[in-house]
Amino acid sequence: TEWKKRFLRWMDGNHERIIDLFRKFDVNKDGTLSHQEFMDGILQTGIPTPRSCFPMIIREFDRDDSGDINYREFAAALKRYEFKPKTEGEAIDYEVQRQVDRCV
């Protein structure tokens with residue numbers, strides 16, 4: 001999804017590792033993210049995310065529909081997507097945006 005692309009670019013630009021981001025989102029330190037912790041964490045990143053998109057995003061992360069997102073689910077959801085440019089122009093645009101994001 002476009003949201004996931006933006007999120008991964010943000011992670012890359014901010015040098016965020018998946019494990020570190022999970023720990024930041026896990027406010028009560030119980031080893032899982034409630035849906036509320038997850039939503040709050042996403043909103044704190046500043047990545048534009050309409051509230052109406054959260055149910056779809058949560059379904060992608062909470063794969064077993066348990067009501068919580070464990071680290072394995074979190075990491076798998078983020079690793080599942082790997083941007084593969086279709087053209088050289090897309091590859092250049094992606095790299096330029098990645099470098100700009102690092103400067104901000």
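Predicted model: local features only at pLDDT ≥ 70, side-chain atom pairs only at ≥ 80, totals over all residues.
Local features were considered only at pLDDT of at least 70 and side-chain atom pairs only at pLDDT 80 or more, whereas totals for chains, interfaces and linings use all residues. Residues are numbered from 1 along each chain as its sequence is written, and side-chain values rest on heavy atoms, with hydrogens and water left out.

The chain contains 6 helices and 2 strands, taken as DSSP runs (H or I of at least four residues for helices, E of at least two for strands) and numbered from the N terminus; from that terminus on, the order is α-α-β-α-α-β-α-α. The C-alpha trace spans about 40 × 25 × 25 Å along its principal axes. Of the 104 residues, 34% are buried, that is, under 20% relative accessible area with a 1.4 Å probe and protein chains only.

Leaving aside residues up to four places away in sequence, F7 touches L21, F25, I42, T45, I47 and L78, a contact being heavy atoms within 4.5 Å.

In α3, the buried residues are E37, F38, M39, G41, I42 and T45, and their cover includes α1, α2, β1 (32-34), α4, β2 (68-70) and α5. G46, which follows α3, has a positive phi near 85°.

Terms used
Buried < 20%, exposed > 50% of the residue type's maximum accessible area, 1.4 Å probe, protein only.
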